[in-house]
Amino acid sequence: MLDVRSGKMLANPQVLIRDGRIVGVKQGDDAPYAVAASTKRIALPGMTLLPGLIDMHVHLDSDPSYGGYSGLEFGDRFWSVLTVPHASRTLDAGFTTVRNVGSDAWNDVGLRQAIEQRKVRGPRVVTAAHSFGATGGHCDATYFPPSMKQSSQFNADSPEEGRKQVRELRKYGAQVIKICATGGVFSRNTEPGQQQMSLPEMKAIADEAHQWGLQVAAHAHGAAGIRDAIRAGIDTIEHASLIDDEGIALAKKHGAWLSMDIYNTDYTQSEGKKNGVLEDNLRKDREIADLQRENFRRAHAAGVKMVYGTDAGIYPHGNNAKQFAVMVRYGMSPLQAIQSATINASQALASKDVGVIEAGRYGDMIAVNGDPTQDVSLLERVEVVIKGGEQVRAGR
């Protein structure tokens with residue numbers, strides 16, 4: 001078993017789970033737990049046990065098969081239904097917790113409730129509901145002419161509007177607040193480097209969210225937007241593609257977490273055009289891809305705190321683990337990459353329920369054949385998934 005706190009492997013572990021939570025962990029030659037004969041036992045000889053993985057940036061109601069305008073072929077509830085197979089694939093990939101940072105029509109809230117009621121299978125979902133930003137910005141509806149009057153109902157163009165949107169979203173199920181501080185790749189009429197929310201607006205949102213006990217994630221590609229988001233007290237910076245030296249220093253000073261999706265461009269550049277993604281979006285994707293990866297290397301080398309966030313939905317759900325190898329290629333050790341998706345992510349969530357195999361936390365675990373601290377690509381082939389003490393995937 002990998003102890004993600006120390007990085008050490010524990011031989012012959014025994015993990016006792018009761019009512020979905022871990023009540024004890026033993027190792028080596030410790031005496032077996034004294035339990036009733038009827039207690040279910042899961043034996044995994046020769047395998048390596050790890051905590052269930054955490055993806056801090058997914059969009060479970062997005063499907064990369066439909067890009068540009070091609071998704072308009074379908075009705076609104078089509079996307080709600082797609083969350084169900086997407087959640088199932090994500091769980092089977094070993095991700096027992098995800099943070100869904102932006103969805104339409106409260107889709108992620110409904111999915112979370114259905115999973116909690118055991119009506120459908122999937123990971124634990126931390127829900128942002130609607131993400132929001134400035135009128136005309138990345139979180140707005142930017143693909144339509146004025147005659148169609150399409151816009152996000154949660155646009156916020158002042159500090160007070162931002163506070164109001166936090167309250168409204170929390171009221172209906174948001175467990176984290178997601179804002180768009182800069183332009184983006186897959187919106188129209190925005191550029192990733194453009195700042196689109198002011199420092200006072202972001203600070204009001206962060207202050208309001210923190211007052212309610214919620215954290216804030218900021219979509220921020222551009223250097224200026226990243227710096228102001230950190231100054232505003234935003235908890236996690238999403239993408240962080242164009243972060244500069246000042247932004248890196250600010251992240252270290254303020255303890256902000258970076259969630260940098262450095263795999264997905266491999267998919268979007270190879271498959272995006274045939275999926276209908278517009279050339280302007282592919283152009284922006286190309287322009288920031290290598291910059292983001294090199295800035296990931298720089299930020300990690302400088303000691304900035306990192307979490308695992310993939311933007312799954314931009315590429316197929318269930319392939320979340322493909323980013324581990326890219327993180328290693330750009331400077332992390334396999335252990336550090338694993339920690340980004342376990343203990344680091346749990347700390348960024350301010351959660352003592354997930355991310356570590358220890359007493360008091362949920363019995364969420366995965367097992368692989370081999371040692372992922374030597375070959376992190378093993379996490380792309382998870383054999384066994386256990387959620388809350390229940391074996392939900394058995395590959396052997």
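Guide: One term before we start: two strands count as paired if DSSP finds at least two bridges between them. Also, keep in mind that this is a predicted model.

Visitor: Fine. Which way do β14 and β15 run relative to each other, parallel or antiparallel?

Guide: Antiparallel: β14 covers residues 384-387, β15 covers residues 390-394, and four bridges join the two strands. V384 sits opposite A394 of β15.

Visitor: And what do β14 and β15 form?

Guide: A hairpin, with two residues between the strands. In the turn you'll find G388, which has a positive phi of about 60 degrees.

Visitor: Let's zoom out. How is the chain split into domains?

Guide: The domain assignment gives two. Domain 1 is made of 2-50 + 356-393, and domain 2 is 53-349. Their centres, taken over C-alpha atoms, are 30 Å apart.

Visitor: How many residues of each domain are in contact with the other?

Guide: 23 residues of domain 1 contact 25 residues of domain 2. Together the two domains bury about 1,900 Å² between them, and 65% of that is on carbon and sulfur atoms. On the domain 1 side, V4, V376 and K387 lose the most area to domain 2, together 29% of what that side buries.

Visitor: What about charges there: how many salt bridges are counted between domain 1 and domain 2?

Guide: Two salt bridges. Elsewhere on your list of charged pairs, look at E390 and R118: their side chains meet in a salt bridge, 2.8 Å from N to O.

Visitor: How many salt bridges does the structure hold?

Guide: 24. Among them is R121 with D92, where the closest N and O atoms are 3.0 Å apart. This pair links distant parts of the chain: R121 is in the loop between α2 (107-116) and β6 (124-127), D92 is in helix α1, and the two are 29 residues apart.

Visitor: Which residues are linked in a network of salt bridges?

Guide: R227, D228, R231, D244 and E246.

Visitor: Changing topic: T97. Buried or exposed?

Guide: Buried, because its relative accessible area is 4% and the class takes anything under 20%. T97 is in strand β5 (residues 95-100).

Visitor: What does T97 touch?

Guide: Leaving out residues up to four places away in sequence, T97 touches L53, I54, D55, P123, R124, L349, V354 and D364.

Visitor: Now L82. Where is it?

Guide: In helix α1, residues 76-92. L82 is buried, with a relative accessible area of 15%. Beyond residues up to four places away in sequence, L82 touches L60 and D63. The C-alpha atoms of L82 and N107 are 9.6 Å apart, with 25 residues separating the two along the chain.

Visitor: Last one: which residues does the UniProt domain annotation cover?

Guide: Residues 48-392, annotated in an unreviewed UniProt entry as "domain: Amidohydrolase-related". That span is 35% helix and 16% strand, and its end C-alpha atoms lie 17 Å apart.

Key. Residues are numbered from 1 along each chain as its sequence is written. This is a predicted model: local features need pLDDT of at least 70, side-chain atom pairs count only at pLDDT 80 or more; totals for chains, interfaces and linings use all residues. Side-chain values use heavy atoms; hydrogens and water are left out. Buried means under 20% relative accessible area, exposed over 50%, partly exposed in between (1.4 Å probe, protein chains only). Contact means heavy atoms within 4.5 Å. UniProt positions are given in the numbering used here, feature names are shortened, and annotations may be inferred rather than shown by experiment. Domain bounds come from an automatic or database domain assignment. Buried area is the accessible area (1.4 Å probe) that two parts lose on being put together, summed over both. A salt bridge is a side-chain nitrogen of Lys or Arg within 4 Å of a carboxyl oxygen of Asp or Glu.
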